[in-house]
Amino acid sequence: MQGIIILIIYALIMVGATTLFTKRENGGESFYVGNRNMGTIVSAMSVAATWIWAPALFTSAEKAYSNGIAGLFWFLVPNVLCLLLFIPFARKIRREMPDGITLSGYMHRKYESEGVKRVYLFQLTVLAFLSTAVQLLAGGKILSMATGLPLWAMTIILAVIAFSYSQISGIKASVLTDAIQMIFLLLACAVFVPWALKLNGGLSAVKLTGISGEYGSLFSEKGLEVFLGFGLPTAIGLFAGPFGDQCFWQRAFSVRKDRIGRAFGIGAVMFAVVPLSMGILGFIAAGIGFIPADTGSVNFELISAIFPTWALIPFMFMLISGLLSTVDSNLCAISSLTTDLKVSEKMIDAGKMVLSKGSMVLLLVVGILIANIPGLTVTHMFLFYCTFRAATMLPTMLTLLNVQLRAGGVISGIITALAVGLPVFAYGTIYNLSAYKTAGSLITVLSAGIVSILVSKFPKSGEVVRNGK
């Protein structure tokens with residue numbers, strides 16, 4: 001019952017804030033990119049909250065608990081660096097396409113190719129589906145444990161809450177609620193980590209070597225195992241993260257043009273606080289010899305075990321905030337991608353909004369179905385879609401760096417990455433084979449760039465360079 005009350009209060013806060021501080025939008029730049037004048041701090045909080053997806057809340061604690069300092073390092077550091085790496089490219093796309101909304105729209109304009117646009121739309125859309133599914137899966141599992149209700153019911157409730165406020169004013173609703181969600185997250189971290197330390201004897205409770213005591217160094221044999229099996233494929237996927245995710249390109253088009261660098265830089269720092277805090281809880285769990293029923297939710301189980309029952313209320317608010325901040329960002333992203341679809345010029349704005357909101361509903365329905373696949377785990381989903389979005393990283397970076405590519409090269413590179421690299425990675429993930437996971441990640445990233453360049457050197461008859469003018 002407590003979990004249901006928390007959800008109701010959370011929904012009322014988000015819908016109330018959105019209704020009070022934004023107005024209902026019926027389309028146009030205001031719904032998709034907030035009139036391109038979002039401020040620094042609110043945008044930074046939105047970037048941070050959007051990047052705080054299920055793995056930031058759970059995988060960070062799980063890896064700290066299971067793999068010590070090596071596990072947390074290879075999750076936390078690439079997560080922060082990727083947002084900083086994204087800054088010059090976000091600035092560049094805004095300069096080159098000041099009226100832009102989507103990455104796929106930029107690539108279409110750059111190469112004057114429907115094929116390039118379709119490939120990017122496919123990648124960005126599938127990523128939104130997978131990302132939404134993993135947030136609903138993680139949130140649904142925790143709420144199911146807290147309420148006793150089945151997983152499928154909790155995923156539906158979470159989806160309805162996210163849609164209830166996102167559809168009111170689009171990106172404005174997402175950015176506003178992201179800021180509120182980020183406040184919940186930071187406050188919870190500021191309370192729970194010191195409290196957990198105090199209850200367990202201070203810093204002496206922190207065990208940096210993991211529960212087994214074997215992972216105290218990045219460069220030991222065990223540390224290198226973590227690097228090869230988790231760190232390298234994770235780093236590759238995370239560095240590709242913002243580049244293959246419309247949520248972040250949409251924010252690059254939404255924040256004030258002169259505030260892009262500051263917004264993403266501050267957002268990276270704010271983000272780091274959350275997985276670091278969750279990682280410390282994992283270290284504490286290892287230090288006191290805590291044995292969770294599921295290592296994937298060790299932080300939640302630790303809070304339940306050592307704190308008073310009422311302490312679960314703010315912790316649940318934190319979890320729901322972190323998960324739904326990504327879901328509502330995905331809803332705005334998928335709606336913005338409908339602007340790249342070919343629709344009749346006679347279609348009025350109301351009709352276009354029906355299409356945009358219909359895409360939001362479709363995203364949630366598919367996300368719910370995926371989240372309820374038996375045996376699916378958050379970590380496996382995280383690694384898979386990290387690799388999936390890596391397929392467009394190098395073609396996008398090369399394009400923004402004005403490397404001379406052709407439409408056929410870009411299309412061939414991305415298709416090769418998805419057709420060759422992704423199956424290798426999936427095989428390695430399913431059978432827990434580190435070499436295959438690493439190889440799959442590298443093939444996915446590198447083949448997209450290499451094939452794009454090579455094919456561009458041998459154009460079809462009549463094909464011309466569309467980039468690097």
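Modeller: What follows is a close look at one pair of helices. This is a predicted model, in which local features need pLDDT of at least 70 and side-chain atom pairs count only at pLDDT 80 or more, while totals for chains, interfaces and linings use all residues. Residues are numbered from 1 along each chain as its sequence is written, and side-chain values use heavy atoms, with hydrogens and water left out.

Two packed helices are described by the angle between their axes and the distance between the axes. Here the pair is α12, residues 298-306, and α13, residues 312-337, whose axes lie 10 Å apart at an angle of about 165 degrees; helices are DSSP runs of H or I with at least four residues, numbered from the N terminus, and axes are lines fitted to C-alpha atoms over the stretch in contact, with angles running from 0 to 180 degrees between N-to-C directions. The two helices α12 and α13 are therefore roughly antiparallel to each other, a term used for angles over 145 degrees. Their crossing is right-handed, meaning that the near helix is turned clockwise from the far one by less than a right angle.

As for the residues involved, Asn299, Phe300, Ile303 and Ser304 of α12 meet Leu312, Phe315, Met316 and Leu319 of α13, where contact means heavy atoms within 4.5 Å. The residues of this contact divide into 6 nonpolar, 2 polar and no charged (Ala, Val, Leu, Ile, Met, Phe, Trp, Tyr, Cys and Pro count as nonpolar, Asp, Glu, Lys and Arg as charged, and the others, Gly among them, as polar).

How values were computed
Angles under 35 degrees count as roughly parallel, over 145 as roughly antiparallel, 65 to 115 as roughly perpendicular and the rest as oblique.
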